[in-house]
Every structure is written in structure tokens, then in C-alpha cells.
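Me: Could you walk me through how some of the helices pack in this one?

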Amino acid sequence: MPLGGEQVPQNLDAVAVRAWCGLALDALGRAREEIDAINVYPVADGDTGTNLYLTVESASQAVDAVFTGLEPTRPSLAEAVRAMAHGALIGARGNSGTILSQLLRGMAQVLGADRDTGHADSGALALALRRAAESGYQAVAHPVEGTVLTVAAAAAAAAEAASAASAAAGDCGAVVRAAYDGACRALDETPEQLAVLGRAGVVDAGGRGLVAVLGALVEALSGETVLHLKAGAGSGGSGGHARVEPIECQDIPADATAPAFEVIYLLEADDSAVARLRTRLDGLGDSLVVVGGDGLWNVHVHVDDAGAAVEAGVEAGRPHRIRITHFGVGDAHTAGVTPPPRERVQRGIVAVVPGEGLAGLYAEAGATTVPTRPGEPPASGELVDAIRRAHAREVVLLPNDAELRHTAAAAAEQARTEGVRVALIPTRSAVQGIAALAVHEPDRRFDEDVVVMTSAASATRYAELAVAERQSWTMAGICQAGDVLGLIDGDVALIGDDTTRAARSVLDRMLAAGGEMVTLVLGDDVPDSLGDDLEKHVREQHLAVDTVVYRGGRQSALLLIGVE
């Protein structure tokens, strides 16, 4: 049924891209556990469905952000597909998510080539699916048939055939339905192409995820809800089932020669450096996938020496968002050995923090941190991972950003289903999180500790200084690009042209209502002298008010201010 009763578009435009992302996220959410259960290749670690979901979640958030940022106008098709591809790139998880991000990037290269066009016709969509398949094969160091790559190629071939047929001329809905049907048929054949799938009686997990994503595109363009396939071999592209019950992942014999670690990171580097990196990483391990371009890449590899894989990234450029996952029992280091389970601690703190300096400060206070970069908010899956890393029976979650309240709530709910008691304190700034941490007492009863921390956070007013990126209307008037903005409790309170004067004015306004403690967090772009100047200003102008200054490192704000 079309959303909101509107006419569903037959051509692919920005609105359809947004709908596609939302529907794909829903489809992967429904199929996540099923796909995880059939994940036997390249490693039987049972996370393909989850990784695909998190990758599409990041893509969907990026598209939503483009729509929100351009209101009341709508983005162009090019802006929407590029946001989708970028979101998938920075949020890609695992082997399957990394390949999916490259498939979306390949589509975006075609659909986003014309910045001015409002929509794409069936010919462009078929070409985009072909580019996606080619990009996927190019990204994988050693492509294997019977995987998501095979399914993507079959979808592209079916789309091209439908686009060439006169009956489908100009109809994107017919083309993507043909692509979906072709993908289903190819998926059904994967157990015959890849022996490990045949032995397990399952289809390829990554290919199954791609079928779900293509089914969502069918629904976005035509309003037709496709049949949700089961995951066993013989699922049948036309809806018939001769289903074989899949073997659980833990029943698949472990390959004692397989690498022990999965290493993933984003990398800022030029093309020539990435070419050298591919060669080096290929010699270190397997399942190498390098996707992206234009200076930003996502690197995925399975290795025994995780440090060497990260060092190779450092030599090539600037790696960040580094994630290293141990494959656990049955890998090359632990074959035949069952390590004792690690005892959970009673209580942990998980906090989202902007900047390396703040991450260090929070970590020293015992928190498990989720670092963020400007314009790259964490997905709910990253918060769930952090809660798991805290390895505690009880967790206090500090999102430190008003925009993350829904993401944090979803993560908390997911963690509760895993048996963790989670309390979400709705901190809206990192300085509120600092105030909450300052009164945290792990020996108190959980409920009491949460009440005290919540009270400390809510009693802390917060402000920040930022630089305007463009002319805009604000609560304080019209700002120009380059102006210094003083935001108090999330609203622009003043516009200035000098960082120090603006910071003093913000402090004076906040302390006019009283205060006992001022917390200043300096960003990378301001000198230490600013902290000295503001500390002196508070000492001289506001009696009996203490000031503490921290270095925040790279963060979106020039200066964060908290007044308790």
C-alpha cells in the first residue's frame, strides 16, 4: 500500500530513494535473524543479517538528513543517491555490508551523474544495476561465484533484458521487478555453486540480504509487496519452496587455518596509496574488500595479525573508526581450546563522545565510549556493540546529543532483549555527561545511581560556540558564513565575529542565573589561551565559581560550556 495514500512513483526520484531505504531497513529487520542463521561463508560467525541491517540503517539516516537539511525543498535524485551511498560507506559492517555499500555506490555513480535531473528512467536504472554489479566484483580481491556478487550480476542482467523490451520502456517498476526475479533465481542456485552452502543446505546469506533490498525497491517503485523468501536452499524465485532446513552456524566445522580477526576501518587516502594497500593486505589475509573512492574508503579484511592490517592503513593514509573482531572458538589461535567465559561486571557506563580528548576523559572515568565525527552520528547498532563491550549486568547510557534520543532508545531496547538492564539518561551535551559521570557511584543501588546522575545532568546548562557554514535565519537574527554562533541549550543566543568575546558573552548570560562550576571543553581549532582567558574572566567577574578546562580534540564545536 503506498505510504500516506500518495501515488507511488514509477520513475526513480529522491522520494522513492528515501522510501526504498526505509522499506529495505524494515525488510532486513524482519529477515535479520533468518539471514544470521544461514551465515556460513566466508566465516560462520552468524552476523550477516545484522551487518546488512546496520549498513542500510546508516544509508537511511544519511538520506533522511539530506531531506531534513534542505526543507522545505526536496533534494535532487543525485543528492539522495549520493547520500545513500555515502551513508552506507561510512556505516558498512562486515564483509556483506561492505560489498553492499559498493553496490549502492555503483548505482549512485550512474543515477547521480546528472545533478539536475529529477528522476531516472528504466534505462538508467538498468545501467545503474549493471554498474553496481561491476563495482562489487572490482572491490573484492578474489571474487567467488555463488555469493552476493553472483546475485547482483543476475539482477543486472535481468534488468537489462527488461529495459530492452518494449513493454517495459520507461517503467522502472517493471525493470526492478525483473531484477528482483533474476536475483531470486540466482540465489536459489548458490548452493550448487559454492560447496559450503550445499553442505549446509542454505543459500548465500549476503545474496539473501540483497534480494530483500531489491524487494524493497520493487515496493518503493510499484507499491507491490514481494513474497518474503525463506532462507533454505530451494527457496524458489517464483515463490515455490522445496526448502531444506539450514544447519545452525555452530554446527559448521571450523576451519583451523582461517584467520583469527576481522579488521574494518574507514580510510582517508588517495587512489595510489589504496592500490598499494590492497596488495599488502591481500598478502596478510583473505576476504579482502576495499570500497569507496574520492578520498574516503572502507577497508575490510580477515587476518591473523590485526596490528599489521591497521599499520598498513596508517601507512596508506588516515584510518579511523577501526573495528577489530575476534572470530572466537575455532579460529587459528583457539582451535580445540574453549576459553573460560569472562565474568560480567555489575555496572557500566556507555557514552557517545565527540572528540578524542573527551573520549580519553570518559574512558579514564571508567566509561565505554562511542567516538563520533562531525556529521557522522552513530547508528543504534554501534551503541548496542558498545553496551556489549561494557560486559555489565547494568548499563547507564549517555547519548550526549538531543538528536540521538531515538537511536539511543532503540539501542537500549535491543540490549534489554539480551538480558542487560539499561537506563537511558537523556543527556544533550557531552558536558552534561561529564556532570553525570562526576556523581556516579557504582556501589549505589542502580535506580538510586541513575536518579543522582540524571539530576546532575539536568542541573547542568550547556552551550557551545560554532562557526556558521552559510547565511541562515536564527533565533538571534541573520548570520553570515563565518560568523561565530553562541548556542545556549541548543538555541542560537548570539552572533559574533570574535571567538573570545562571544565565549565571554555566553558565559555571562549563563552565570546570570547562578552557578557553582563551569566546565570548558576546547576544540582543536582554538588555542589554550582561550581557556586561560575565560578562566580568568570567570574568576574576576563571577565570585565563588570554579572553572575546569579540558581539551576535547577534534569535535564539531569550537568550544563546549557547561554550568552546574
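Predicted model: local features only at pLDDT ≥ 70, side-chain atom pairs only at ≥ 80, totals over all residues.

Me: OK, at what angle do α10 and α11 pack?
Reply: Helix α10, which covers residues 271-284, and helix α11, which covers residues 306-316, pack at an angle of about 165 degrees, and their axes are 9 Å apart.

Me: So which way do α10 and α11 run relative to each other?
Reply: An angle over 145 degrees counts as roughly antiparallel, and α10 and α11 are therefore roughly antiparallel to each other.

Me: And which residues make the contact?
Reply: On the α10 side they are A273, L277, R280, L281 and L284, while α11 contributes A308, A309, A312, G313, E315 and A316. Sorted by class, the contact of α10 with α11 has eight nonpolar, one polar and two charged residues.

Me: What is the handedness of the crossing there?
Reply: The crossing in which α10 passes α11 is right-handed.

Me: Switching topic, how far apart are the axes of α4 and α5?
Reply: The axes of helix α4 (residues 94-111) and helix α5 (residues 122-139) are 7 Å apart, and these two helices pack at an angle of about 140 degrees. That angle makes α4 oblique to α5.

Me: Is that crossing left-handed or right-handed?
Reply: For α4 and α5, the crossing is right-handed.

Me: What classes of residue are in that contact?
Reply: The contact of α4 with α5 has 12 nonpolar, five polar and one charged residues. Among the residues that make this contact are L103, M107 and V110 of α4, together with L125, A128 and R131 of α5.

Definitions and conventions
Residues numbered from 1 in each chain as written. Heavy atoms only, no water. Axes fitted to C-alpha atoms, helices over the stretch in contact; angles between N-to-C directions. Helix = DSSP H or I, 4+ residues; strand = E, 2+ residues; numbered from the N terminus. Parallel < 35°, antiparallel > 145°, perpendicular 65-115°, else oblique. Left-handed = near helix turned anticlockwise from the far one by under 90°. Contact = heavy atoms within 4.5 Å. Nonpolar A, V, L, I, M, F, W, Y, C, P; charged D, E, K, R; others polar.
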